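Colleague: Could we go through this model together? I would like to begin with the charged pairs.

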Amino acid sequence: MKSTLLQQMYKDILQGVPLMKESHHYTSLLTLGVEQTPETDESGNGMNLPSTNGGIWSRQDAEMSDAGIPTTNDVSNSFANMNPSFCPREVMLLQLTLIKMIVTKAESQEVEFNMRQKYCEILILLLKEAKIDSQLICLVGSSDQLLSHMASKSLASLVYFQLKEEDTLNITWHTFSLKTLSGFPVDTQVAQCLWTLTGVLKEVLKDRALPKSGILMKLLAPLDAVLEEFYDSILVHHFDSHRYTSPYSEAANNLISFVDLLEALLTSRIELELPLRCQRVLFLKVSCVLNLISSSVHYLIKKLFIMLLKKCVLYKSREDAKSKSLSLQNPSLYEDMLALSNTVLQVVNLTWFDQILLSERISYFGGSESPSGGDTPSDSDQTVLRAVSLVVLKALEFNCQSSATEAEIKGDFGSSMSQLLIFWKSHLKSSPQSHPVVHQCEWLSLIFIEQDDDLWEAAKALLLIYLKFDRLRYHVADNSSQKEEGTYGVLTHASGYNPHCIFLFFLEKIAFDSTVLLDFLISSETCFLEYFVRYLKLLREDWHQFVEICNHFDTKHASFQSVASVSPPHQEKQSCMTDESLQNACEQEPPTQLSLASSQNCLVFTTEQGDNEVAESNLSNSLIRTDSTSLLGSLQSLVNYDSSEESELEPDGKECLVTTEKVLLNNESKKGIREAGYSNADDAQNILKSEVLPLEQEGPNNSSYLTCMTSLDNIIPLRVMLCKSTKCLEELQKAISRLQRRNLFPYNPSALLKLLNHIEKISKNRSPQ
């Protein structure tokens, strides 16, 4: 009979039908009837559940408890069609589902006011008269995982309801939480308590209309001290024990539940002007987490904590976005980020990287094992590799930004970047088809190219570090000499943080497709706009360095061709930054510790091969490799931004790229031109100029940045990288202008367009002859 009434109540609430009977009637239906034996405690051990067959649990119930656990939605959707004569366990699951539904309906503004009042009245009676909170606490400790989970969710909803509606903290639940957390590690069953607290926090943070500051203080302040003690207790264990080698053990379950709580605490601290100690403990005592990551604990737990650290280092960005102000003005956050950064860099400079063993299993549909007969090589977990790398890079960024002098940051930065580069090299396995990495600045795009948001966070961090070093150098008069200038330029390459190289390598990876940049600018999921504006400002002031690096890319490609076909010796000296000058500058002993590890010999372009010609060949292949596959891919735009009928007729630059590639890959240029149908060198020169020289010479609507072209007799076409990169920026500028004129751009891009226009003027005014 009771099951039939509960089923009807479920249908009425689901369909929005008003509950017409008295509130006490529904309260009696929702009372769980959990009885405690004299020996039972608040954890629920020893409780008795009602049963129609006279026993506490039937054999069928036990088998159902051990079976696979369905989701909450699966359980809820099946209640409407249940057999009226289902067992007591199913009745209890229906009651727990109804309690959660009533709390949700009572807080929803879409429900009529009279119905919400009815729901609130039922909930108050459940709390005051039926003592439903005590029954739920008993059920939370049940060995039945589904009952325990549902009871935890219902209890969290009721605690949240009281906080919001009555502005009071549930005393029964608070006492239970204090006793359970303070009893660890003697009382090992803490996961259920952590679930409930995490659930309450998430309910508070999810409510947009709720003034969160006061509610969070009322919820967390009474638990502040015990939560910090629990943090110390659960993370000081020796995780070599077999209890932590399985993700299904009780000890592992406690750790996984604690990660969820720490993440909720991290998210909640932005709501308080002065965060509590429990919201800061992860920053101030991050060494405990770093030790756990390097221990023999199960890989799943390591991964969860690594991803949590990633959220910590990116927390400053979230606060910036919310407050629209500099987060470093917040003293507590500044102190916390400084403590976290210093600790991370300390362990990185020791042997922490060596103790991180990334999983080499690749995820497949239906499991983690490679299909039988597959020849796919195993690789490190790229998600964790990126997360660890981003934690170190953001720690370096904050450490540099908080330092006042160059001497304070040179040692830590050089050592940490050296360790990070070695870490990348050891975990990024190249396929037989890929080229060897011989330039340190290429690593960033290789590691992060598959994750856009991480890529631009990492690129922005290295850009800010570069700008910080640049400001400090110019503030010191002794560093203005040409020798120091050259040494500093070499060190930026050696440590893999030269911003021009990083940007050019990225453009190369996307085949110089401006629509990819446009997609990043429009997207709200990355910090590309912030990075791009900063880089364009640097490019405006540092154009000559950008041109030199572009020339060096071209020179390396030319030296690669000289291996296949003998070239005149003077061709190696056509770049502003030659191999000889780079190596001479690099061999000079720098006055700081900003260098690579001894195994890499402090060379800007490193290689494992001893032969110089082979090294040159590998280097050129990596720097300017653009095969036909990537070129064809670049011609496919992600979005057709020219689909509007009002679009102007503009050159797409594709012929320029295709023709340039043909010239680059053809050592006998005159023969290639003749095959295309041209009889003499003059015609060939005209055709090449029509494709590569400024398009504005052909008509009023065409423009290009490239203004330099070498003779075909020299074989080496200089300014190719400069042509492609500036052409990409030009196309981006036109696309943004076109969208702005039609009010289709999601924000005002005037400042961005101003920078792009300035870059265009600089490129034309300072074009090489």
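Colleague: Which residue forms a salt bridge with Lys206?

Modeller: Lys206 pairs with Glu203, and the closest N and O atoms are 3.8 Å apart. A salt bridge here is a side-chain nitrogen of Lys or Arg within 4 Å of a carboxyl oxygen of Asp or Glu. Please note that this is a predicted model, in which local features need pLDDT of at least 70 and side-chain atom pairs count only at pLDDT 80 or more, while totals for chains, interfaces and linings use all residues. Residues are numbered from 1 along each chain as its sequence is written, and side-chain values use heavy atoms, with hydrogens and water left out.

Colleague: Where do Lys206 and Glu203 sit relative to each other in helix 10?

Modeller: They are separated by about one helical turn, because they are 3 residues apart in helix 10 (residues 191-206). Helices are DSSP runs of H or I with at least four residues, and strands are runs of E with at least two, numbered from the N terminus.

Colleague: Is Glu203 buried or exposed?

Modeller: Glu203 is buried, at a relative accessible area of 15%, whereas Lys206 is exposed at 58%. Buried means under 20% relative accessible area, exposed over 50%, and partly exposed in between (1.4 Å probe, protein chains only).

Colleague: How many salt bridges does the count come to?

Modeller: The count is 25. One of them joins Lys460 to Glu530, at 3.3 Å from N to O. Lys460 lies in helix 22 (residues 452-475) and Glu530 in helix 26 (residues 528-541), so this pair ties together parts that are 70 residues apart in sequence. Lys460 is buried at 5%, and Glu530 is partly exposed at 36%.

Colleague: Which residues are linked with Lys460 and Glu530 in a network of salt bridges?

Modeller: The network also includes Lys394, Glu397, Glu457 and Arg534.

Colleague: Changing topic, at what angle do the axes of helix 24 and helix 34 cross?

Modeller: The axes of helix 24 (residues 499-509) and helix 34 (residues 720-741) cross at roughly 80 degrees and come within 11 Å. The two helices are therefore roughly perpendicular; that term covers 65 to 115 degrees, with under 35 roughly parallel, over 145 roughly antiparallel and the rest oblique.

Colleague: Which residues make the contact?

Modeller: Phe503, Leu504 and Leu507 of helix 24 meet Met721, Ser725, Cys728 and Leu729 of helix 34, where contact means heavy atoms within 4.5 Å.

Notes. Axes fitted to C-alpha atoms, helices over the stretch in contact; angles between N-to-C directions.
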